[in-house]
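Work through the exercises below on charged side-chain pairs. Each task is followed by a stepwise solution.

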Amino acid sequence: MVMSANYVYHADGSLEIHMSDGSVMVYAAGNDDGTPGRLISYETPEHDVYSRYDDQNQPGHVDFDGGGSGDYIRHTDGTVSFHALPEGYTVVFADTDGDGEIDDVIRYTTKAGDVYSDYDDQGNPGHVDFHDHTSGDYTYFPDGTVAFHSIEEGYTAVFADRDHDGEADDIVSMTTKGGDVYSDYDDQGNPGHVEFANDTWGDYTYLSDGKVLFTTNADGGYTILLDDLDGDGEVDDIVTQSMHNGDVYSDFDHLGKPHHVEFGDHTP
């Protein structure tokens, strides 16, 4: 592609160069040897505008065409921090692959204060320290799934890109610290099956009215109907419990104790 440019000279000595690709560079008044002064601003063909250049021609600020902006801080160890506005996150870059470009993420801090680190060469974090003082480690598998292990809480969750949106953020399984394994998750993040560490199992059915049926082979087998009776946002209050022999318990109190039972036909 052949490039061309138009020059605009201003009375203050500054110079604008309009490139044929749509980019625009603005330089300060020229030097005594006839060369342009330092770079003041650079507008990309996409209309992002970089400014506040230092004496190394490195920008200190950017205003994005789609809205938002950011500030750059260059550190003595060669790393560069980028703080995004108004999102509030901060990314630290370094040249970890030795290609001469400071474009490899080494740390990412969210507005809330969660800190992601130990990035691999694909830009994936290996560790996170959450602002609530918990932390976790990530493991990336060849099949595209990702495991997250919570250090303090002890559980491990495995994620995949089940909805094909390019993000491995759909939960596939979760193993608790005690060894219970939840699986068969739906698109709402609800498990359909659990294998307990004591060799019993259970299946979940999610009803249209928000209630949940849980069927298990424990204690000979029973089914419980759960609802959010206390309004805490969790469907974990027992409404009824139907035993394998036909007995149905109901009128459960807040401690999970039934106050009524309808006995089934126990005739042999």
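**Exercise 1.** Classify Lys-211 in this predicted model as buried, partly exposed or exposed.

Solution. 
- Step 1: Take the relative accessible area of Lys-211, which is 22%.
- Step 2: Apply the cut-offs: buried is under 20%, exposed is over 50%.
- Step 3: Lys-211 is therefore partly exposed.

**Exercise 2.** Find which side chains form salt bridges with Lys-211, and where the partners lie.

Solution. 
- Step 1: Asp-209 qualifies, at 3.1 Å from Lys-211.
- Step 2: Asp-227 qualifies too, with its closest O atom 3.9 Å from the Lys-211 nitrogen.
- Step 3: Asp-227 sits in strand β21 (residues 222-227).
- Step 4: Join the pairs. Shared partners put Asp-209, Lys-211 and Asp-227 into one network.

**Exercise 3.** State how many salt bridges the whole structure holds, then describe the one between Arg-52 and Asp-71.

Solution. 
- Step 1: The search gives 3 salt bridges.
- Step 2: Arg-52 and Asp-71 meet at 3.4 Å, N to O.
- Step 3: Arg-52 is in the loop between β5 (49-51) and β6 (61-63), and Asp-71 is in strand β7 (residues 69-74). The two are 19 residues apart.
- Step 4: Arg-52 is exposed at 56%, whereas Asp-71 is partly exposed at 24%.

Definitions and conventions
Residues are numbered from 1 along each chain as its sequence is written. This is a predicted model: local features need pLDDT of at least 70, side-chain atom pairs count only at pLDDT 80 or more; totals for chains, interfaces and linings use all residues. Side-chain values use heavy atoms; hydrogens and water are left out. A salt bridge is a side-chain nitrogen of Lys or Arg within 4 Å of a carboxyl oxygen of Asp or Glu. Helices (H or I, at least four residues) and strands (E, at least two) are DSSP runs, numbered from the N terminus. Buried means under 20% relative accessible area, exposed over 50%, partly exposed in between (1.4 Å probe, protein chains only).
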